[in-house]
Amino acid sequence: YKTYLLFLVGVAMIFYSHNLINTYLINIIENVGGNSKDLGISLAIAAAFELPAMAGFILLEKRFKCNHLVIISAFFFFLKSLLTWLSPNVGMVYVSMAFQLVSFALFTPASIYYVNSMMDPHDRVKGQATLAVATTGIAGSIANITGGKILDTLGVSDMLMLGTIVTVIGFFIVTFTTKQTE
């Protein structure tokens with residue numbers, strides 16, 4: 001599964017900004033003039049938008065191929081990152097959090113179906129495990145370490161700019177390494 005390893009690199013890269021945004025959301029909110037109340041609202045928006053996509057995924061899966069849904073969700077990870085970086089106020093951060101619907105909430109079930117469709121049955125558990133390591137372990141660790149350092153030295157905007165750059169590269173890697181599924 002050499003192509004799958006490259007796919008995992010791309011996935012870790014799209015999750016880099018996702019983890020930056022989730023970990024340092026209070027800093028992002030405060031940077032655009034918000035407070036802890038705005039943080040709570042933005043988290044509620046993200047959570048509320050996750051539910052319909054995940055609950056309705058079975059309907060999407062019947063109409064669209066999982067590989068296409070993975071690529072679409074990767075693109076929206078990039079758009080969410082870009083919008084968060086360019087947000088001039090709390091309202092735009094709220095809008096960026098609504099992209100949770102078509103980024104994380106779409107990617108999570110689509111990637112599970114995708115991995116199961118491309119792996120031999122005896123390798124599916126390993127495929128799911130390595131996907132989790134890429135999204136949570138590798139991307140989360142690197143984002144938390146580098147994000148904190150960049151935040152302390154350069155500020156919120158530069159941290160989000162780097163996250164957006166890493167995510168767009170990840171989007172292209174995911175796009176070119178995602179195999180056609182049946």
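The questions and answers below go through a predicted model, from its overall make-up to single residues.

User: How many helices and how many strands does the protein have?
Analyst: From the N terminus on, the elements run α-α-α-α-α-α-α-α-α. The count is therefore nine helices and zero strands, with a helix taken as a run of at least four residues.

User: What radius of gyration does the protein have, against that of a compact globule?
Analyst: The C-alpha atoms fill a box of roughly 50 × 30 × 25 Å along the principal axes. For 182 residues, a compact globule would have a radius of gyration near 16 Å. The value for the protein agrees with this: 16 Å.

User: How far apart are the end C-alpha atoms of helix α7?
Analyst: Helix α7 covers residues 104-118, which makes 15 residues. At 1.5 Å a residue, α7 should span 21 Å. The end C-alpha atoms agree with that, being apart by 21 Å.

User: What covers the buried residues of α7?
Analyst: The buried residues of α7 are A105, L106, F107, P109, A110, S111, Y114, V115 and M118. Their cover includes α1, α3, α4, α5, α8 and α9.

User: At what angle do α8 and α9 pack?
Analyst: The axes of α8 and α9 are 7 Å apart. G147, I150 and L151 of α8 make the contact with V156, D158, M159 and L162 of α9. By class, these are five nonpolar, one polar and one charged residues. The angle between α8 and α9 is about 145°.

User: Is T164 buried or exposed?
Analyst: T164 lies in helix α9, residues 156-177. Apart from neighbours within four places in sequence, T164 is in contact with F78, S81, L82 and W85. Its relative accessibility is 4%, and the cut-off for burial is under 20%, so T164 counts as buried.

How values were computed: Residues are numbered from 1 along each chain as its sequence is written. This is a predicted model: local features need pLDDT of at least 70, side-chain atom pairs count only at pLDDT 80 or more; totals for chains, interfaces and linings use all residues. Side-chain values use heavy atoms; hydrogens and water are left out. Helices (H or I, at least four residues) and strands (E, at least two) are DSSP runs, numbered from the N terminus. Buried means under 20% relative accessible area, exposed over 50%, partly exposed in between (1.4 Å probe, protein chains only). Contact means heavy atoms within 4.5 Å. The expected span of a helix is 1.5 Å times one less than its number of residues. Axes are lines fitted to C-alpha atoms, for helices over the stretch in contact, and angles run from 0 to 180 degrees between N-to-C directions. Ala, Val, Leu, Ile, Met, Phe, Trp, Tyr, Cys and Pro count as nonpolar, Asp, Glu, Lys and Arg as charged, and the others, Gly among them, as polar. The radius of gyration is taken over C-alpha atoms; the globule rule is 2.2 Å times the number of residues to the power 0.38.
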